[in-house]
Amino acid sequence: MAATDRHAAIEDLGALVDLAAFDLERWQEVVDALARDLPGTRVALQVVDPALGRAAPAVAAGWDARDLDAYAKHYGAINPWVPALLRARPMTTLFSDRVLAPSEFRRSAFYQDWLRHVGDADASTGVKLLDGGGRFGALTLSYDARRADRVNPDATRVLVALAPRIERALRAGRIHAITRWRAGTIPLLGAVSEPILVAARDGRLLEVNAAASELVSAGVLRAGASDRIRLADPRLDRIFHAGLRAACAGNPISEPAGGLRIETPLGRFALTILGLRPEVSRTLGLTSWLTAGEAALVVMQPCCGPPEVARHLVQRYGLSPAELRVALAMDGARPLPAVAADLGIGYETARFHLKRIFAKLGISRQAELVVLLTKLRGADGEAGWL
């Protein structure tokens with residue numbers, strides 16, 4: 001490829017990459033254009049999972065769909081080029097002949113059982129890209145080894161020029177994907193009777209099932225404009241958010257004695273936090289790769305035990321869900337403006353609710369409310385308000 005043609009192709013490809021940053025479907029246009037501008041190449045944007053030591057194509061051009069299916073199901077796990085990708089530093093461009101001697105590669109089961117029958121793809125040039133949730137991407141161009149001396153130099157120059165732009169686009173795509181989480185991402189979520197929610201690594205509420213939607217409608221699952229979940233008890237709040245981050249990273253943490261429990265107007269629940277790690281498969285596409293490690297499943301299992309403080313306040317004193325949120329957030333350690341900010345409501349709204357709480361409970365000061373809540377919680381163990 002002439003230098004002027006290569007420069008023009010890189011500029012056009014870069015523009016497509018920028019568009020794909022906020023529209024993941026357009027990555028197909030990127031790989032199609034790469035295959036067109038570098039004739040004789042087959043392009044694949046692969047997801048490599050170091051925990052499984054395997055790769056699977058997320059977006060591809062020039063490959064037969066049946067060959068891609070076979071690669072995703074089996075041959076991606078025995079690809080002898082994958083170990084080199086695992087060892088390589090991000091943004092590193094690799095040429096297959098320098099990774100593994102061609103004679104040794106042709107003796108591998110990967111080549112003998114699969115790639116030899118595919119044909120004209122026994123050499124490749126690739127670049128290691130963004131790490132996402134413990135996985136990373138690799139953009140690879142495969143071609144006939146007999147043309148390697150001509151294709152590899154052009155492929156390397158194009159990938160080196162585009163790699164930083166692709167990296168930035170994938171990082172933007174990760175943010176975009178997690179903020180556009182769609183209902184139905186987890187097919188069985190709606191079939192589970194216990195309240196279940198999906199939370200981002202940073203605590204943002206992404207999705208709830210039908211059982212948890214009752215808690216949402218009562219206003220107890222969201223706090224603040226960013227929908228960040230927060231527990232009123234600072235210590236339990238730290239444990240909860242540390243648990244989210246650990247679950248997303250695949251590293252469970254120890255829970256407080258008796259487990260992490262919360263109170264709501266609808267009952268008392270024990271929380272279990274599980275990281276979401278979809279199986280590597282080409283049917284998942286880029287969205288699942290970019291959101292892997294960015295969200296966790298929170299299962300809220302009903303607890304048995306002494307009467308819940310929340311239920312007592314609702315049944316005996318007639319507090320509304322909004323008043324209950326304010327009452328249980330008053331821990332005595334924070335002034336009302338701070339409580340209002342944590343609950344995502346205005347100070348005057350919180351003050352209005354507090355006056356009604358005082359009237360219903362027959363008290364006149366915040367200190368009296370804290371004392372009452374402490375007494376009610378005395379026999380009920382340690383729990384936090386969500």
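The crossing of H1 and H2 is left-handed, meaning that the near helix is turned anticlockwise from the far one by less than a right angle. The model is predicted, so that local features need pLDDT of at least 70 and side-chain atom pairs count only at pLDDT 80 or more, while totals for chains, interfaces and linings use all residues. Residues are numbered from 1 along each chain as its sequence is written, and side-chain values use heavy atoms, with hydrogens and water left out.

**Exercise 1.** Determine how H1 and H2 are oriented, and which residues make their contact.

*Solution.* Begin with the geometry: helix H1 (residues 3-20) and helix H2 (residues 27-37) pack at an angle of about 165°, and their axes are 8 Å apart. Axes here are lines fitted to C-alpha atoms, for helices over the stretch in contact, with angles from 0 to 180 degrees between N-to-C directions. H1 is therefore roughly antiparallel to H2, the term for angles over 145 degrees. Next, list the contact (heavy atoms within 4.5 Å): H1 contributes Ala9, Leu13, Leu16, Val17 and Ala20, and H2 contributes Trp27, Glu29, Val30, Ala33, Leu34 and Asp37. Finally, sort these residues by class, which gives 9 nonpolar, no polar and 2 charged.

**Exercise 2.** Work out the orientation of H14 and H15 and the make-up of their contact.

*Solution.* The axes of helix H14 (residues 336-343) and helix H15 (residues 347-361) come within 9 Å and cross at roughly 110°. H14 is thus roughly perpendicular to H15, a label that covers 65 to 115 degrees. On the H14 side the contact is made by Leu336, Pro337 and Ala340, and on the H15 side by Tyr347, Ala350, Arg351 and Leu354. By class, 6 of these residues are nonpolar, none is polar and 1 is charged.

Definitions and conventions: Helix = DSSP H or I, 4+ residues; strand = E, 2+ residues; numbered from the N terminus. Parallel < 35°, antiparallel > 145°, perpendicular 65-115°, else oblique. Nonpolar A, V, L, I, M, F, W, Y, C, P; charged D, E, K, R; others polar.
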